[in-house]
Amino acid sequence: MKFLKKIRRRDFFRKITDRTFFAGSVLFGLGRDNRVKNFFVNRLTQEEKVRIKSYRNLGNTGFKVSDISFGASHITDGAVVRYAVDCGVNYIDTAPTYGQSERLIGEVLKEKRKEVFITTKYSGRAWRVKNPEELKKNLRESLERSLKDLRTDYLDAILIHGASESRMKSEDMHEVFKKAKKEGKVKYSGASFHSSGMGNIVKQFFNYDSMKILTPAYNYLNNKDVNEDIKSLSEKGRAIVAMKTRMGAYLERLPGWDKQPLGEDFESLPVARKRTVMDRFVDSGKRFTADFNRSTFKWVLSNPHVSTLIASFRTFYDVDTFLPASGEKFGYYDKEILDTYTAFIWNKYCRVGCDLCHSYCPKGIQVNDILRFQMYYENYGDRRMAVSEYSNLPKDKLGDNCSGCDAPCQKFCPYDIAIKERLLQSHKMLSLNC
Ligand code: SF4
Ligand code: SF4
């Protein structure tokens with residue numbers, strides 16, 4: 001243990017990561033290194049753990065929220081939630097469509113319920129109805145199911161998932177919320193949104209005082225359409241909870257990475273494993289994931305009108321590498337990282353919420369949605385969700401409809417994204433199980 005005294009704590013984590021990577025490879029096979037990593041992390045004392053350093057007002061709810069929050073999309077290990085909460089994270093974002101997420105959170109946070117603000121969403125399936133009565137019934141059932149899975153008798157907030165203007169205006173939805181609020185089953189309502197026309201959805205919040213929580217896609221590249229409205233709404237007591245902060249997270253495809261000595265098998269590794277392998281390059285002076293993630297967070301938090309940001313946590317390592325951005329200032333080095341990244345993804349990243357090319361497609365293809373699903377699949381590793389979302393699209397709106405088209409949409413993308421090629425590729429990728 002003598003060497004521990006000589007190294008900084010962060011280095012200690014890196015050494016542990018490397019050692020556990022090695023030990024995991026030997027003892028459990030390449031896919032199980034997280035288990036070994038978790039073994040070590042769980043044995044650190046509270047003082048050694050990274051901690052949230054800054055809390056902000058969650059609008060005028062009276063709740064002080066950690067500036068970095070737990071995005072629980074498709075988590076597989078409830079102990080990671082518990083660890084993040086022990087490190088000071090106190091806002092959890094989940095949804096009925098996030099796999100086992102609600103159930104795992106319910107299992108691990110029973111005793112900590114009052115310390116955390118839990119936000120879930122109405123199931124997207126609830127809206128597939130023929131009449132208002134059916135909609136109200138579905139929304140209510142979704143809410144009750146979330147209460148049951150989360151093992152709680154109240155939700156702090158429930159949001160419209162992937163809100164559209166029409167869903168925001170749904171009087172039936174507002175009625176279901178009012179009733180549940182009166183019964184003490186939910187405190188606040190709101191919406192999360194990343195679809196095209198995001199700017200118009202934000203404006204809807206001015207019409208509904210009861211909708212306290214806005215969760216827009218908000219990052220270094222996606223902000224101009226909503227900045228002014230976010231400021232006004234925050235001044236009126238609304239809570240701005242930023243998501244999709246990592247600009248597509250094209251991390252493993254940054255320039256030069258392919259030239260690194262990653263081993264012959266690198267390309268065939270699943271995304272999560274690629275990240276672990278790539279993480280080892282931090283120690284050899286290569287910047288990538290950890291610094292990039294923190295820089296994106298610091299940029300978002302440099303806006304004082306943002307209450308908190310949601311990051312997708314999957315592993316203990318995510319907690320250890322994300323949380324050091326809490327309370328930190330966005331600086332020159334961060335800008336350099338984000339600008340370098342921007343240059344690389346400029347013509348690859350379909351801006352979340354953009355719809356500039358949509359009206360030029362004679363077939364009404366929702367380019368932005370399909371490329372977002374592709375992002376879930378390729379960059380986030382959320383393959384199941386990506387395929388499931390894509391399978392919900394009508395057949396005449398799928399990417400294969402681009403075949404044979406002379407792509408009039410193309411010249412209206414200011415970022416020069418190869419729309420037709422990408423949509424055909426998306427179809428191949430996402431229609432596997434359709
Ligand atoms: S390639 Fe054609 S069908 Fe496909 S999105 Fe563009 S205009 Fe629409
Ligand atoms: S392809 Fe370009 S224009 Fe079309 S939605 Fe994406 S970013 Fe906007």
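Of the 13 residues around ligand 1, those that come nearest are Cys 361, Cys 402, Cys 405, Cys 409 and Lys 420. Here a residue is near a molecule if its C-beta atom, placed from the backbone, lies within 6 Å of it. This is a predicted model, in which local features need pLDDT of at least 70, side-chain atom pairs count only at pLDDT 80 or more, and totals for chains, interfaces and linings use all residues. Residues are numbered from 1 along each chain as its sequence is written, while chains are lettered from A and ligands numbered from 1 in the order in which they are written.

**The two ligand shells**

Which helix gives the largest share of the shell around ligand 1? That is helix α17 (residues 419–430), with three residues. Helices are DSSP runs (H or I, at least four residues), numbered from the N terminus. Sorted by class, the shell around ligand 1 holds ten nonpolar, one polar and two charged residues. In this sorting, Ala, Val, Leu, Ile, Met, Phe, Trp, Tyr, Cys and Pro count as nonpolar, Asp, Glu, Lys and Arg as charged, and the others, Gly among them, as polar.

Now for ligand 2, which is surrounded by 13 residues, the closest being Cys 350, Cys 354, Leu 356, Cys 357 and Cys 413. Helix α15 (residues 367–380) supplies the largest share of this shell, three residues. The classes around ligand 2 are ten nonpolar, one polar and two charged residues.

**Two helix pairs**

Let us turn to helices that cross. Axes are lines fitted to C-alpha atoms, for helices over the stretch in contact, and angles run from 0 to 180 degrees between N-to-C directions.

| Helix pair | Axes come within | Crossing angle |
|---|---|---|
| α4 (residues 78–86) and α5 (residues 101–108) | 8 Å | roughly 55° |
| α6 (residues 132–149) and α8 (residues 171–182) | 9 Å | roughly 40° |

α4 and α5 are therefore oblique to each other. Angles under 35 degrees count as roughly parallel, over 145 as roughly antiparallel, 65 to 115 as roughly perpendicular and the rest as oblique. In α4, Gly 78, Ala 79, Val 81 and Arg 82 meet Leu 104, Ile 105, Glu 107 and Val 108 of α5; two residues are in contact if their C-beta atoms, placed from the backbone, lie within 7 Å. This contact of α4 with α5 has five nonpolar, one polar and two charged residues.

α6 and α8 are therefore oblique to each other too. Pro 132, Leu 135, Lys 136, Leu 139, Arg 140 and Leu 143 on the α6 side meet Asp 172, Met 173, Glu 175, Val 176 and Ala 180 on the α8 side. By class, that contact counts seven nonpolar, no polar and four charged residues.

Note on methods
Helices (H or I, at least four residues) and strands (E, at least two) are DSSP runs, numbered from the N terminus.
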